[in-house]
There are 2 protein chains.
Amino acid sequence: MVTIKQVAQLAGVSFKTVARVVNKEPGVKPHNVEKVEAAIEKLGYRPNKAASLVRKKQSDIIGFISDEISTTPASVAILKGAQDMAWEQGKTLMVFNLDPKHPNKDRLYEECLQHRSEGIIYGAMYHQSVEFSKLFKTLPTVLVNCVSTQNDFTSIVPDDELAGYYVTKQLLYKGYKRIAFLNLNPDIMAAQHRQKGFLKAMQEYGIPENQWRIDTIEQVIEGRTVNIAGEVAKQVIEEFKPDAVLCGKDLAAIKVYLVIERLGLTVGQDIAVASFDNWHDIPEILEPKLSTMALPYYEMGRLAVSQVLQLIANKNTVYPVTHHKVPCLLFDRASF
Amino acid sequence: MVTIKQVAQLAGVSFKTVARVVNKEPGVKPHNVEKVEAAIEKLGYRPNKAASLVRKKQSDIIGFISDEISTTPASVAILKGAQDMAWEQGKTLMVFNLDPKHPNKDRLYEECLQHRSEGIIYGAMYHQSVEFSKLFKTLPTVLVNCVSTQNDFTSIVPDDELAGYYVTKQLLYKGYKRIAFLNLNPDIMAAQHRQKGFLKAMQEYGIPENQWRIDTIEQVIEGRTVNIAGEVAKQVIEEFKPDAVLCGKDLAAIKVYLVIERLGLTVGQDIAVASFDNWHDIPEILEPKLSTMALPYYEMGRLAVSQVLQLIANKNTVYPVTHHKVPCLLFDRASF
DNA sequence: TTGTAAGCGTTATCAT
DNA sequence: ATGATAACGCTTACAA
């Protein structure tokens with residue numbers, strides 16, 4: 001690899017002058033700038049970031065540790081958001097995936113430390129509560145899509161309660177009166193919060209208990225989550241005869257559509273359907289197009305980076321831990 | 001940050017002894033190993049990868065430049081495969097996303113060069129032909145899910161022709177006689193290759209031309225790809241009355257299912273459906289479960305890393321460029 | 001078995 | 001405006 005000294009030699013100046021040109025420091029004669037730039041071009045010189053990092057203390061690297069996040073299409077957007085923001089701020093994101101077989105957060109954290117990462121973002125696959133070792137206190141650290149069991153890290157999560165509340169209110173506002181909520185696995189936080197929002201809206205509208213019902217579309221059998229949306233939807237629709245179904249995720253909404261079709265009913269006319277995710281092309285592909293609460297993953301990714309940069313900037317001052325709930329947006333299409 | 005010298009001082013040995021312990025070089029007295037390890041533990045020392053890189057020439061970093069790949073759920077698996085393989089080989093993947101608004105491959109390549117990346121993987125969103133500047137010749141470079149217009153880079157793509165051939169043969173073998181192929185946008189390579197395979201199978205089975213038909217489910221209007229799978233499927237099924245529909249992607253298969261339902265027919269009984277992708281949960285969620293040709297993204301990611309490592313190892317010897325077509329697997333479920 | 005000295009490609013400091 | 005020299009934290013080579 002070409003070094004600054006070789007450039008200096010070819011340009012016939014000292015290597016410090018080359019450094020000045022490379023780092024755009026002022027005070028180099030235009031004539032020399034030209035010579036240096038020509039030499040750089042000719043030799044194909046690139047500054048060595050590692051060498052630079054050894055001397056100045058800025059690595060401009062942010063570590064991103066993901067609990068399977070990057071294989072979960074729904075939340076790939078977190079990564080993308082983080083990467084975009086990092087790039088805009090002149091930082092490089094170093095992404096590490098947790099091995100699902102041997103999930104060892106600390107090992108990846110060590111990796112980040114060795115690269116002199118300035119801060120860490122930990123992203124989870126779904127809104128949950130995670131336990132962290134004291135190692136995670138080493139660097140400014142922000143959690144996305146999860147909170148720590150001790151609540152002792154800055155965290156960024158979707159505002160699931162508000163989302164549940166909002167979409168339910170919209171349904172009620174539009175005149176639906178018998179709503180079935182086909183919720184996710186009740187063990188996960190998202191499900192709990194959405195349910196809270198759902199109930200709040202019900203209460204606010206004074207809907208009696210026999211006019212709504214909540215079921216779960218996921219069953220955990222031996223640690224594996226099994227989707228039973230189809231069966232549940234069929235049973236609920238036949239027995240309870242709702243005029244609207246609120247579905248825990250778009251993927252399950254596909255099943256609900258299919259079930260409704262099969263019962264000879266029409267989505268949007270006979271039964272309204274609403275959902276959570278706004279996952280990629282799915283809402284647009286369904287007919288009628290699915291109205292769904294978008295999870296703000298991309299924005300959460302961006303916010304994570306801006307938060308971690310803030311923590312880095314205020315490293316020495318003790319800062320109260322903040323928790324951010326990012327609002328979800330309703331994509332109002334044609335299913336209710 | 002703690003340095004090797006501080007550790008040495010606390011342990012009461014020379015910094016070289018600490019280096020030996022850190023790098024697991026043999027020939028240090030057990031007693032001293034203990035002392036050093038205690039000091040490392042106490043001070044929380046981590047070796048500085050940047051400093052090490054400055055001296056030895058190995059960065060152990062592989063650059064991964066992605067053309068929107070990491071936002072495309074279907075091919076997130078490429079990244080995951082690459083990352084897994086890289087990790088297994090003791091390498092770190094540095095991932096960069098192309099900005100869709102200002103896609104500048106060269107700038108990201110520069111970034112990789114500055115980090116002294118040892119090789120580059122360029123991943124595309126879908127199987128296509130891409131043009132590269134001479135800059136890409138700087139480092140050992142492997143293309144995934146695309147080929148270069150000049151065919152001058154090692155490339156890894158799915159064997160779309162074989163996939164099209166194989167799934168068609170399976171359909172024919174199972175006795176279907178009137179097959180409608182609802183293909184992707186004919187401009188993309190995947191569509192062209194699959195069509196070739198489709199036709200080959202047809203010919204092999206001696207199916208007359210009026211017993212099959214090919215339509216496209218994507219229209220490019222002003223540069224934007226519009227999905228018209230629903231309309232096309234409806235028309236084709238009503239007019240052509242196929243006994244099997246081969247669909248360009250799982251997402252479109254959802255629409256095909258819906259259309260078939262609506263016509264009062266049953267997937268798997270009245271009309272078989274086959275597809276390409278095996279995208280995440282979709283095939284499992286449909287009823288009957290969708291039989292689909294899985295695109296081998298994960299494997300392609302792994303292969304990309306192993307290929308680039310091979311190129312790096314044989315850097316000095318001139319090597320003929322190789323093109324890898326990775327076979328696709330049929331996930332045989334219940335839709336045909 | 002352990003330590004010393006030089007060197008990697010930068011940046012920082014200070015002198016010219 | 002330019003350059004010499006030291007320093008960063010590590011690895012390499014060699015000496016003790």
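Strand S11 (residues 272-277) and strand S12 (residues 291-294) of chain A run parallel and are joined by four bridges, where strands are DSSP runs (E, at least two residues) and helices are runs of H or I with at least four residues, numbered from the N terminus, and two strands pair if DSSP finds at least two bridges between them. Phe276(A) has Met293(A) in S12(A) as its bridge partner. This is a predicted model, in which local features need pLDDT of at least 70, side-chain atom pairs count only at pLDDT 80 or more, and totals for chains, interfaces and linings use all residues. Residues are numbered from 1 along each chain as its sequence is written, chains are lettered from A and ligands numbered from 1 in the order in which they are written, and side-chain values use heavy atoms, leaving out hydrogens and water.

**Sheet of chain A**
- The open sheet of six strands has mixed pairing and the order S7-S6-S10-S11-S12-S14 in chain A.
- Its edge strands, each pairing on one side only, are S7 (212-216) and S14 (329-331) of chain A.

**Surface near DNA strand D**
- Of the 27 residues around DNA strand D (a heavy atom within 4 Å), Arg20(A), Asn32(A), Ile4(B), Lys16(B) and Tyr45(B) come nearest.
- In chain B, a polar backbone atom of Ile4(B) is 2.7 Å from a phosphate oxygen of DNA strand D.

Notes
Polar contact = N/O pair within 3.5 Å; in protein donor to acceptor, adjacent residues only side chain to side chain.
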